[in-house]
Amino acid sequence: MTTEEVERDGAPLAVEGVGTDEAPGSIPPAEPSPTAQDTPARPADRPDDAPRRTRRIAERAGIAVLLAIAVTGGAIAVGAARDKAPVAAVAVSAAVDPGALASGNPDAAIAALQAHLKAQPRDSDGWATLGLAYVEQARTKGDPARYPQAQAALKRALSLSPHSDQALAGQAALAAARHDFKGALTNADRALAENPYSERALSSRIDALVELGRYDDASRAADTADARKPGVPVFTRYAYVRELRGDVPAARRVLEQALGAATSKGDIAYVAAQLGQLAWNQGDYKSALTSYARALAADENYLPALEGRARAQAASGDRAAAIKGMELVVARYPLPGPLVELGELYEARGGAGDRERAHDQYALVEAWIAIAHANGVDADLDTALAAADHGDKKAALRAARAEWARRHTVHTADALAWALHVNGQDREALSYARRATATGYRNALFRYHLGVIELATGHKSEGRASLRSALKLNPGFSPLGAATARKALEDTK
């Protein structure tokens, strides 16, 4: 999953009042829940050892999943979790100090929630807040084992207050995080029926419509949200809807407005990182690095900014800094996008042992996907994107078709097109690749995929034009793809 998909897949899920700041995390379980990164990496096998490598990956993923389920099950029993999650200024019971939740001190926030819910176990708002904290923690830490905990906390909140808009909005956010976007839309609408001004529900409604490919409806939802509850969460989603339509200047203006309105360190880091991502998408690496620096000045540990900075460094030619930065990210944020990016950076460097290092990252992607599935996350898009280039191509196509059956977005169209291509089905792939670029969304990877597929189907002039367009837009869009695009142009002169 790319940064764009992770933070944008449903656009960054923010909690009421903010984009993504430090949040009430969760109560520590006896032991930390494992993620894909917790499984020890081993040197990859030689190509002729594929069966052995497949068995080893399955074993590794299986162990990780069993551990995740075991620890999660115990944690649900006590409504517990650990660590910190981006969020700030959330609406909670008056018995919990909001300053502790927004202060960036997760331990204080956790202790406050734990003590409060122990003393007041019938506080629906407290349970709803805890549920949202788990959702944010899972998303930002790459730990899907938190989702069952979120589900349990939100279920408790609704059992105490069936019409709680906070709990219903929390369920919408949880559904979106698990990629159940129809469920997210249903719950967002239920929350808005109770409270039409719920910022969390308004935001989740935009997320769901975007990820269902209903872009016109998402645009109207963004207008409604902006009229009812203007603020950082709504501004950032409004900007993304504009970006999907190819209106980059409008997206930039809205994000700059959001940054101007941001007051907390968490909001500043969140919005500045979004500006960095927008600049990177357009190949403006200098502006991207400036925005990421601003985000990290507000929060030096803000992982999306660390990841974005590493990508911009790689695109700018500073591979050593990019690898060092991405290694830091995957050590704490083991999601498919950063893992694949680091693997490709190793491959592009091509030093001693780099091929094995790259294969280890790709194996960990498979482990993460297994954990995600075990915790109720629809990870078909992640499977398709990672496996098409670095795994089981047939599995990539099955996953891409399954995801397309659920939702028709530019991202799922691109994933299906590329999965069809790597399986030799280019004629069918072409229509999906064209659909991925039809909204005007300025994405170099999509244009690259389109160009390769156009060349494969005999559309030489169109294919060369698409590849040139990809490289002009963002010449460093991929550690491996950009080089492949240049070679394809050279080979088809």
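This section describes the overall composition of a predicted model and then several of its helices, their packing and selected residues.

The protein contains 25 helices and two strands. Of its 493 residues, 61% are buried, and among the contacts between residues at least 6 apart in sequence, 65% join residues that are at least 24 apart.

The buried residues of helix 6 include Arg146, Tyr147, Pro148, Gln149 and Ala150 in one run, together with Ala153, Leu154, Ala157 and Leu158. In an α-helix there are 3.6 residues a turn, so residues three or four places apart point the same way. For helix 11, formed by residues 232-244, the 13 residues should span 18 Å at 1.5 Å a residue, and the end C-alpha atoms lie 19 Å apart, which again agrees. Because 13 of the 13 residues of helix 11 are buried, this helix is largely enclosed by the rest of the structure. Helix 11 is followed by Gly246, which has a positive phi, near 90°.

The C-alpha atoms of Asp216 and Val241 are separated by 9.1 Å, although the two residues are 25 apart along the chain. With a relative accessibility of 46%, Asp216 is classed as partly exposed.

The packing of two helix pairs was also examined. A packed pair is described by the angle between the two axes and by the distance between them. Helix 7 (165-177) and helix 9 (residues 199-211) pack at an angle of about 25°, their axes being 9 Å apart, and helix 7 is therefore roughly parallel to helix 9. The crossing of helix 7 and helix 9 is left-handed. On the side of helix 7, the contact is made by Gln166, Ala169, Gly170, Ala172 and Ala173, while helix 9 contributes Arg200, Ala201 and Ser204. Sorted by class, this contact of helix 7 with helix 9 comprises four nonpolar, three polar and one charged residues.

In the second pair, the axes of helix 21 (residues 410-422) and helix 22 (residues 426-436) come within 8 Å and cross at roughly 160°, so that helix 21 is roughly antiparallel to helix 22. This crossing, too, is left-handed. Helix 21 contributes Val410, Ala413, Asp414, Leu416, Ala417, Leu420 and His421, which meet Asp426, Glu428, Ala429, Tyr432, Ala433, Arg435 and Ala436 of helix 22. By class, the contact between helix 21 and helix 22 consists of nine nonpolar, one polar and four charged residues.

Finally, backbone geometry was considered at a loop position. His179 lies in the loop between helix 7 and helix 8 (181-194), and has a positive phi of about 70° although it is not a glycine. The relative accessible area of His179 is 9%, and because this falls under the 20% cut-off, the residue counts as buried.

Conventions. Residues are numbered from 1 along each chain as its sequence is written. This is a predicted model: local features need pLDDT of at least 70, side-chain atom pairs count only at pLDDT 80 or more; totals for chains, interfaces and linings use all residues. Side-chain values use heavy atoms; hydrogens and water are left out. Buried means under 20% relative accessible area, exposed over 50%, partly exposed in between (1.4 Å probe, protein chains only). Helices (H or I, at least four residues) and strands (E, at least two) are DSSP runs, numbered from the N terminus. Axes are lines fitted to C-alpha atoms, for helices over the stretch in contact, and angles run from 0 to 180 degrees between N-to-C directions. Angles under 35 degrees count as roughly parallel, over 145 as roughly antiparallel, 65 to 115 as roughly perpendicular and the rest as oblique. A crossing is left-handed if the near helix is turned anticlockwise from the far one by less than a right angle, and right-handed if clockwise. Contact means heavy atoms within 4.5 Å. Ala, Val, Leu, Ile, Met, Phe, Trp, Tyr, Cys and Pro count as nonpolar, Asp, Glu, Lys and Arg as charged, and the others, Gly among them, as polar. The expected span of a helix is 1.5 Å times one less than its number of residues.
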